[in-house]
Every structure is written in C-alpha cells, then in structure tokens.
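This report goes through strands, helices, aromatic rings and a few single residues. Keep the model open while reading.

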Amino acid sequence: HNDGKKSEYRSRFVIVATGYYDNPNRLHVPGEELPKVSHYYTDPHPFFGKNVLIVGGKNSACIAGLELHRYGARVTVVHRRPEIKQSVKYWILPDFLNRVNEGAIALHLNSVVQSILPESVKIRDTQTNATIDIPNDFVFALTGYRPDETFLRACGIDVDDETLVPQHHPETLETNVPGLYVAGSISAGKETNKLFIENGRFHGGVIVKSILEK
C-alpha cells in the first residue's frame with residue numbers, strides 16, 4: 001500500500017499474466033448500463049422466480065441457462081447465429097437443447113438485443129426485422145471477452161492487430177522484449193479457445209526453465 005503514489009521496481013525478468021476477463025464484448029445498445037445487466041454470470045439462487053435473459057450461444061450461455069432454469073428462473077436465451085455453437089461441451093449441448101425442445105428454456109436464434117428497459121428487453125429478428133418485447137428482471141450478456149492489448153503495447157510488445165496475440169516464443173513464452181514474458185490466457189489474444197487450465201498450467205514451469213537457462 002503506497003497511498004496512491006507511484007512506485008518503481010526494477011527487475012531482470014517480468015511476467016505478464018493479466019488474463020482477459022476484465023474486458024467484456026459489449027452489446028452497445030441502450031440500457032446496457034442498467035444495474036440489472038451483467039457481463040459476468042455469478043450464482044443462480046438470487047434469480048428464483050425471475051425473468052432472466054441470456055445473450056450468447058457458447059459454453060457460458062448454455063451453462064448459465066441450465067443452472068438458472070434448475071434453480072427456478074424463467075430463462076430466455078438470445079443468440080445472433082442460426083444455431084447454438086456445436087463446440088459447446090459435449091455433455092452440456094444435448095442437455096441444453098433438450099430443455100429448449102421441451103419448452104423449459106426459450107431460445108431465440110438469429111436474434112439480437114435492440115434495447116434494454118427496466119422491466120423488459122426488446123429483441124430483433126435479424127431475418128425478418130420483427131421485434132418483440134420480453135418481460136425481464138435481469139440480463140446476463142455472456143458475449144465473450146477480449147484482452148487489453150494497450151498495456152502490452154505500452155511495454156513494447158508487438159501485438160497482432162487482428163488476433164491480439166502478443167509476439168512470443170512458443171517454447172519459452174518470452175516476448176520480443178528480452179526478459180518480458182506472457183503467461184496464461186493473455187498469451188492467446190482472441191484465440192482463447194486454444195488455451196485451457198489443462199495446458200495453461202504449464203506456463204509457469206516453461207518460463208522458470210527459460211529464466212534459469214539465461
């Protein structure tokens with residue numbers, strides 16, 4: 001704790017492991033800043049008996065939809081694509097689609113949120129442009145996240161403009177700045193589907209090995 005004062009630390013080696021969950025992909029629609037809107041799914045219990053709308057069509061949206069349904073929420077899922085992603089975990093996807101088919105979860109495909117109001121959400125069908133108002137108490141906008149590349153660039157790291165992957169050696173995780181490493185999901189840029197706990201947990205050992213060999 002330094003009472004808000006800037007401090008300077010010197011080190012031969014620095015590891016950047018800032019993740020990417022701090023920067024959600026926003027909807028950019030009126031009402032997104034209302035208190036009832038969250039880009040992070042937390043816990044299903046507070047939403048018993050509530051009308052909950054989920055925006056998204058990947059793992060997070062499906063898992064949240066199932067949990068909220070099973071804890072008594074009335075769940076609606078809105079997805080801009082014509083189908084739920086087939087890459088959803090194999091034990092989650094059939095469970096989710098079965099709940100949709102039996103009418104337990106409402107699913108609107110080829111649809112986007114147009115505006116969020118205190119007691120409802122207006123969605124638009126991208127095929128017909130028809131709009132409907134859905135009664136709503138809470139919105140989970142689970143539309144993914146993006147890394148904050150501004151800090152990486154400020155450190156001198158070259159970052160791919162399209163993928164946001166920082167330049168680094170795949171075998172050492174050292175960036176184009178000598179002594180500066182990246183670890184965890186920040187090393188994958190937008191390509192976070194390539195990095196999981198199962199393989200990301202080895203980054204620490206890889207970096208330590210590289211440092212000890214210098």
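Which residue in β5 is the bridge partner of Val78? In β5, Val78 is bridged to His108.

## Basis

This is a predicted model: local features need pLDDT of at least 70, side-chain atom pairs count only at pLDDT 80 or more, and totals for chains, interfaces and linings use all residues. Residues are numbered from 1 along each chain as its sequence is written, and side-chain values use heavy atoms, with hydrogens and water left out.

Helices (H or I, at least four residues) and strands (E, at least two) are DSSP runs, numbered from the N terminus. Two strands pair if DSSP finds at least two bridges between them.

## The parallel sheet

The open sheet has 5 strands, in the order β2-β9-β3-β4-β5. Their pairing is parallel. β2 and β5 (105–108) are the edge strands, each pairing on one side only. Strand β4 (residues 74–78) pairs with β5 in the parallel sense. That pairing has 4 bridges, and Val78 with His108 is one of the bridge pairs.

Two helices pack on this sheet. Contact here means heavy atoms within 4.5 Å. Axes are lines fitted to C-alpha atoms, for helices over the stretch in contact, and angles run from 0 to 180 degrees between N-to-C directions. Helix α1 (residues 59–70) touches β3 (51–55), β4, β5 and β9. The direction of α1 makes about 170° with that of β3. Helix α2 (residues 93–101) touches β4 and β5. The direction of α2 makes about 95° with that of β5.

## Helix against helix

α1 and α2 also pack on each other, at an angle of about 55° and with their axes 10 Å apart. The two helices are therefore oblique to each other. On this scale, angles under 35 degrees count as roughly parallel, over 145 as roughly antiparallel, 65 to 115 as roughly perpendicular and the rest as oblique.

The crossing of α1 and α2 is left-handed. That term applies if the near helix is turned anticlockwise from the far one by less than a right angle; clockwise is right-handed. On the α1 side, the contact involves Cys62, Leu66, His69 and Arg70. They meet Asp95, Phe96 and Arg99 in α2.

## The hairpin

Strand β6 (residues 111–117) and strand β7 (residues 120–125) run antiparallel. They are joined by 6 bridges. Val113 has Ile123 in β7 as its bridge partner. The hairpin from β6 to β7 passes through 2 residues.

## Aromatic pairs

Rings of Phe, Tyr and Trp (its six-membered ring) pair if their centres lie within 6.5 Å; planes under 30 degrees apart count as stacked, over 60 as edge-to-face and the rest as tilted. The count comes to 9 aromatic pairs. Tyr20 and Tyr145 have ring centres 6.3 Å apart and planes at 70°, so they are edge-to-face. Tyr20 lies in the loop between β1 (14–16) and β2 (37–38), and Tyr145 in the loop between β9 (138–141) and α3 (149–154), so the pair ties together parts 125 residues apart in sequence. Both Tyr20 and Tyr145 are buried. Buried means under 20% relative accessible area, exposed over 50%, partly exposed in between (1.4 Å probe, protein chains only).

Tyr90 and Trp91 also pair edge-to-face, with ring centres 4.9 Å apart and planes at 85°. Tyr90 is exposed, at 69% relative accessible area. Tyr20, Tyr21, Tyr40 and Tyr145 form one aromatic cluster.

## Positive phi

His28 is not a glycine, yet has a positive phi of about 60°. It lies in the loop between β1 and β2. His28 is exposed, at 71% relative accessibility.

Leu164 is another non-glycine residue with a positive phi, near 65°. It lies in the loop between α3 and β10 (180–182). Leu164 is buried, with a relative accessible area of 3%.

Is His203 buried or exposed? His203, in helix α5, is buried at 12% relative accessibility. Leaving aside neighbours within four places in sequence, His203 contacts Leu173, Ala183, Gly184, Ser187 and Leu195.

Ile211 is also found in α5 (residues 203–212). Ile211 is partly exposed, at 22%. Not counting residues up to four places away in sequence, Ile211 touches Phe13 and Tyr181. The C-alpha atoms of Ile211 and Glu198 are separated by 23 Å, with the two residues 13 apart along the chain.
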